[in-house]
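Biologist: I have the sequence and the model before me for the first time. May we go through the arrangement of the chains step by step?

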2 protein chains.
Amino acid sequence: MSTEISTLGEFGLIDRLTREFPLVNKSSVLGVGDDAAIIAPEGDREILVTTDLLLEGIHFDVRYVPLMHLGYKAAVVNFSDIYAMNGTPRQITVSIGVSSRFTVENIDAVYAGIKLACEAYGVDLVGGDTSASVTGLVISVTCLGDVEKGKAVRRSGAKETDLICVSGDLGAAYMGLQLLERENHVAASSKDPDFQPNFAGKEYILQRQLRPEARKDIVERLRAAGVTPTSMMDVSDGLSSELLHICKASGVGCRVYEDRIPIDYQTALMAEELNMNLVTAAMNGGEDYELLFTVPLTDKEKVEHMEGVRMIGYVTPASLGAALVSRDGNELAIRAQGWNAFSSEEAPAEREENPTESENSK
Amino acid sequence: MSTEISTLGEFGLIDRLTREFPLVNKSSVLGVGDDAAIIAPEGDREILVTTDLLLEGIHFDVRYVPLMHLGYKAAVVNFSDIYAMNGTPRQITVSIGVSSRFTVENIDAVYAGIKLACEAYGVDLVGGDTSASVTGLVISVTCLGDVEKGKAVRRSGAKETDLICVSGDLGAAYMGLQLLERENHVAASSKDPDFQPNFAGKEYILQRQLRPEARKDIVERLRAAGVTPTSMMDVSDGLSSELLHICKASGVGCRVYEDRIPIDYQTALMAEELNMNLVTAAMNGGEDYELLFTVPLTDKEKVEHMEGVRMIGYVTPASLGAALVSRDGNELAIRAQGWNAFSSEEAPAEREENPTESENSK
């Protein structure tokens, strides 16, 4: 099926896209269909708000990102921000701008992905905006969440001697992107019309790039263990960049150990295959949507064997700066090497390789 | 000054754009700079959420829309949605995608307009996202507001015999757009390098298009008079379209009188100059951001002399449909002729002239 969007019109399209989203949260009083949605917060809870703008050609490339995955990811990256505040995502609004290249079925696929994400995380779609676009696909998602009053975890609470922890593993999403770009180039230059990209044994890094998950489980595990992080954020731009954010916001420094950085086997294999520096990719790759957090030293026993959590270093006085301690004991200053959508030349590389050279196609 | 955005980078740009926005609302606990903003709602209030996506080439044309006005309007149209729910706007998030055509000073101008709007309406900027764009300027605004619990006014509450009221006057923003487009065409074809558009005596319709206001005053006036509308929405797509929304949501019909539609003198003059049907422009022009609302017949005395409010008709049983009663007493079926960004051919014109022929450049 290939239906032109103009056959539905704006209101017809909104109806079609949003009718399959029943409200599940008690706080969602009124969803799509009025001037604004109505949310009834519980008395003892605060509301969290985060927003992300995804632009075709900057944040995604429809040549190799399936639209359903794109919808899923657009929602999940916002949920991740709410979890990173120690909150629970509850509602999203989704605005979408669509050029005439896209069919109704294409947009259905984006919303099918959003719906999957909403179901997986218990979030309600409560509003949005739909428009034509003269250029590419534009997706803007805003997520509301809630958290017990006073229990939101900011970036600014890290204290000297706190342990620095990270969930899951790092660099896989970035390596997945490298793989997708390579196979896309190969496909474009192939004369074989039946060319199939070679993704065997690389499913994990692809999934990390195309369909990331938010670490709801980690937030719940910490809560169950009675651990309240002193600071927390999600790893979207890369560990280096996020460590510097926490250091700056908290007025501290840090030491992080190279041999403690969690890296998956597929990530390591891919880096080797592409002749890239693995630790640089893990430190600066971005889009991992893992949680980076600090806990008091007194919580060490609670986190050191926690599933999916790795202690990677500790917080120092600000005067000591932020450094990565290499396997041979050298200290390398951590520099912001996260994804910068405005320039590929700005931040100096921490090491020689620059894993963000293709950052504009992220 | 003309500074390339890449010289600041994403975080530098965010810092620059948001540092002049102090928080004024008690409920704004934490603003820009973390994974999410924190809002502390008062216990007896509900939260309202609305969002709008503005795309260059669809919703605005930078050839004749000053960027500061664009920022102002992007904020105010969201405030208008909150007022249309009988609420008070409190916080906004602003996401912006910027192509390399734009300088830092250009984006400063957009944010200067947003700041003016926030100051005028007492709203806090609490978050957002900033990105490069490979195409045009993209602005996505989400607004949170609050309202006393249970006091939000939806579109669905209109009852038979209710009076239909509208604030201000209609069609002016649309006529302002026609004027801007005409002068832009004249300028483009002029051989005189010093060509100046002729806007004398047309300031009101220009201001209505370029720098609309949200009707905070009307909501306050109704509240002060003890009038709670049974239904309400703002007029963004055109009166015809909005009347049909209320009729559909409320399961009613309506009769609206042509000679009661409020139209400003400048709007009428411009329509005559352009040889356009005035009532069609007022019914279908859109972007007026006036409030359309219904009140019980028992409130007639309270609204009939209320400043800035005009009674234009009444609610009927659904079986009677929605109709405009012309000056000569004929009933013309009201059709959705509002702005449809996906097609200029879709909705049949209510009359012969079609004021939305240039809708894609709105």
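Biologist: At about what angle does helix α7 (residues 239-250) of chain B run to β9(B)?

Modeller: The model is a predicted one, in which local features need pLDDT of at least 70, side-chain atom pairs count only at pLDDT 80 or more, and totals for chains, interfaces and linings use all residues. Residues are numbered from 1 along each chain as its sequence is written, while chains are lettered from A and ligands numbered from 1 in the order in which they are written. Helices (H or I, at least four residues) and strands (E, at least two) are DSSP runs numbered from the N terminus, and angles, from 0 to 180 degrees, are taken between the N-to-C directions of lines fitted to C-alpha atoms, for helices over the stretch in contact. Helix α7 of chain B lies across β7 (163-167), β8, β9, β10 (291-295) and β12 (322-325) of chain B, and the angle to β9(B) is about 150°.

Biologist: Which strands are the edge strands of the seven-stranded open sheet of chain B?

Modeller: Two strands pair if DSSP finds at least two bridges between them. The seven strands follow the order β8-β10-β7-β11-β9-β12-β13 in chain B, with mixed pairing. Each edge strand pairs on one side only, and the two in question are β8 (231-234) and β13 (331-333) of chain B.

Biologist: Which residue of β11(B) is the bridge partner of B:Arg255?

Modeller: Strand β9 (residues 252-257) and strand β11 (residues 309-317) of chain B run antiparallel and are joined by five bridges. Within β11(B), B:Arg255 has as its bridge partner B:Tyr314.

Biologist: In chain A, which residue of β10(A) is the bridge partner of A:Met233?

Modeller: A residue is buried if 20 or more other C-beta atoms, placed from the backbone, lie within 10 Å of its own. In strand β8 (residues 231-234) of chain A, A:Ser231 and A:Met233 point one way, A:Met232 and A:Asp234 point the other way, and all are buried. Four bridges pair β8(A) in the antiparallel sense with strand β10 (residues 291-295) of chain A. There, the bridge partner of A:Met233 is A:Leu292.

Biologist: Which strands stand at the edges of the six-stranded open sheet that draws on both chains?

Modeller: This sheet runs in the order β1(A)-β2(A)-β3(B)-β6(B)-β4(B)-β5(B), and its pairing is mixed. Each edge strand has a single partner strand, so one side of each is left without a neighbour in the sheet; these strands are β1 (28-30) of chain A and β5 (124-132) of chain B.

Biologist: How many residues of strand β6 (residues 138-148) of chain B are buried?

Modeller: Strand β3 (residues 45-55) of chain B pairs with β6(B) in the antiparallel sense over 11 bridges, and B:Thr51 stands opposite B:Thr142. Strand β4 (residues 88-98) of chain B also pairs with β6(B) in the antiparallel sense, over nine bridges, among them that of B:Gly97 with B:Val138. Strand β6 of chain B is largely enclosed by the rest of the structure, because its buried residues number nine of the 11.

Biologist: At about what angle does helix α3 (residues 104-121) of chain B run to β4(B)?

Modeller: Helix α3 of chain B lies across two strands, β4 and β5 of chain B. Its angle to β4(B) is about 175°.

Biologist: Which residue of β2(B) stands opposite A:Val49?

Modeller: Strand β3 (residues 45-55) of chain A and strand β2 (residues 37-39) of chain B run antiparallel and are joined by three bridges. The residue opposite A:Val49 in β2(B) is B:Ala37.

Biologist: Which element gives the largest share of the side of chain B that touches chain A?

Modeller: Two residues are in contact if their C-beta atoms, placed from the backbone, lie within 7 Å. The contact takes 59 residues from chain B and 59 residues from chain A. On the side of chain B, the largest share is nine residues, and they come from β3(B).

Conventions:
Buried ≥ 20, exposed ≤ 12 C-beta atoms within 10 Å, placed from the backbone.
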